[in-house]
Amino acid sequence: MTTPTPTSTASPLTRALGIVSLVGVGATAWLGLVASPRDRLQQDAVRLMYVHVPAVTWMYVAVLVCALASGMWLRKRTDGWDVLAGAAAELALLLTGLGLLTGSVWGRPTWGVYWVWDARLTSTAILFVLLLGYQALRRYPAEPQARSRMTAVLGLLLVPNAMIVHFSVDWWRSLHQDATVSKLDASIEGLMLFTLAVSFVAMGVVCAWLLVHRFRVGWLERSAERHLLDAALADRRADADPSAGVAVGGTR
Amino acid sequence: MSLGALVAMTHAGYVAAGWIATVIVLGGYAAATIRRGRRLSLVVPPEERRWS
């Protein structure tokens with residue numbers, strides 16, 4: 001009896017990451033919603049920090065991975081780097097959207113408004129629009145090498161924008177608070193700091209799991225496109241020269 | 001903390017909205033990615049799926 005070939009993007013690595021992700025999400029939910037204390041000023045709205053801060057932090061990492069992969073594609077011109085850049089950009093878009101959403105929900109009870117044209121929020125919104133543009137460019141019907149070159153250049157340009165997002169609270173007067181944890185002088189401590197650390201690790205594992213699966217989906221898309229193109233070319237050749245089709249393939 | 005204490009949170013609606021949105025966004029994207037992978041795996045030969 002033979003083992004059936006798995007028809008998915010799963011592997012032992014992703015299964016292990018998936019299990020760790022579920023445990024991490026469960027631990028974050030228990031610590032963030034039940035065990036950790038309420039903040040003196042923000043009260044229970046502080047519990048939104050355990051989803052907002054990790055999402056935004058891993059957004060920076062996803063943008064950096066996209067830029068690095070874009071740079072490597074421009075250097076090596078191999079499919080793998082382009083697929084990795086596309087997967088990381090899609091994840092960055094998801095995390096930027098999540099950061100904007102959870103930030104708005106946190107802003108209403110804390111600032112009294114869902115949205116304000118503050119430097120941090122505005123620069124994050126611009127990054128979100130850039131990432132949407134990146135996705136549109138990847139779907140643009142152009143010659144694949146030219147399309148990959150355009151998206152690689154845009155992938156590199158995401159980094160200065162992400163830096164503006166990060167440093168906006170230092171460079172301009174902003175309603176948004178400074179970094180909660182930076183340079184080892186955390187403005188939170190105890191169980192709240194531990195909960196934030198657990199949520200950060202859990203979100204990281206979830207993002208790694210998503211990135212691996214999304215990379216494999218991108219790889220499969222490339223292979224499927226190639227097979228469809230090969231089949232279409234073979235059909236065209238056979239239509240143009242029926243005798244060659246019989247001679248090569250035997251039947252048509 | 002009991003269930004009653006959870007409900008008695010200040011800003012409970014905002015906290016619930018933020019967490020539920022996170023679970024829906026990440027869970028939905030994960031499910032969509034897995035589904036796309038399964039669909040594409042059916043049309044690509046096994047030797048090109050290096051991880052399987």
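User: What percentage of the 52 residues in chain B is buried?
Analyst: Start with the cut-offs: a residue is buried if 20 or more other C-beta atoms, placed from the backbone, lie within 10 Å of its own, exposed if 12 or fewer, and partly exposed in between. By that count, the buried share of chain B's 52 residues is 23%.

User: What kind of model is this, and how are residues, chains and ligands labelled?
Analyst: It's a predicted model, where local features need pLDDT of at least 70 and side-chain atom pairs count only at pLDDT 80 or more, while totals for chains, interfaces and linings use all residues. As for labels, residues are numbered from 1 along each chain as its sequence is written, while chains are lettered from A and ligands numbered from 1, in the order in which they are written.

User: Which helix of chain A has the lowest confidence?
Analyst: pLDDT is the predictor's confidence in each residue, from 0 to 100, and chain A averages 89, with 90% of the residues at 70 or above. The top of the range is helix 2 (residues 49-76) of chain A, at a mean of 97. Down at the other end, residues 246-252 of chain A stay under 50 and have 3 contacts beyond four places in sequence. The lowest mean, 53, belongs to residues 242-249 of chain A, which form helix 7.

User: How many helices and strands does chain A have?
Analyst: Elements are DSSP runs numbered from the N terminus: helices are H or I, at least four residues, and strands are E, at least two. Read from the N terminus, chain A goes α-α-α-α-α-α-α. The tally for chain A is 7 helices and 0 strands.

User: Which helix gives the largest share of the side of chain B that touches chain A?
Analyst: Two residues are in contact if their C-beta atoms, placed from the backbone, lie within 7 Å. On that basis 31 residues of chain B touch 33 residues of chain A. The chain B side splits into 20 nonpolar, 8 polar and 3 charged residues (Ala, Val, Leu, Ile, Met, Phe, Trp, Tyr, Cys and Pro are nonpolar, Asp, Glu, Lys and Arg charged, and the others, Gly among them, polar). With 19 residues, the largest share comes from residues 12-41 of chain B, namely helix 2.

User: Which hand does the crossing of helix 6 of chain A with helix 2 of chain B have?
Analyst: A crossing is left-handed if the near helix is turned anticlockwise from the far one by less than a right angle, and right-handed if clockwise. Helix 6 of chain A passes helix 2 of chain B in a crossing that is left-handed.

User: How do helix 3 and helix 6 of chain A sit relative to each other?
Analyst: Helix 3 (residues 79-111) and helix 6 (residues 190-240) of chain A have axes that come within 9 Å and cross at roughly 130°. The crossing is right-handed. Among the residues in this contact are A:A87 and A:L91 of helix 3 and A:L211 and A:F215 of helix 6. Given that angle, the two helices are therefore oblique.

User: Which chain B residues does A:L48 contact?
Analyst: A:L48 sits in the loop between helix 1 (12-35) and helix 2 of chain A, and is buried because 25 other C-beta atoms lie within 10 Å. Beyond four places in sequence, A:L48 touches A:T102, A:V105 and A:W106, and on chain B it touches B:Y14, B:V15 and B:G18.

User: Is B:H11 buried or exposed?
Analyst: B:H11 lies in the loop between helix 1 (3-7) and helix 2 of chain B, and has a positive phi near 55° without being a glycine. Because 22 C-beta neighbours fall inside 10 Å, B:H11 counts as buried.

Terms used: Axes fitted to C-alpha atoms, helices over the stretch in contact; angles between N-to-C directions. Parallel < 35°, antiparallel > 145°, perpendicular 65-115°, else oblique.
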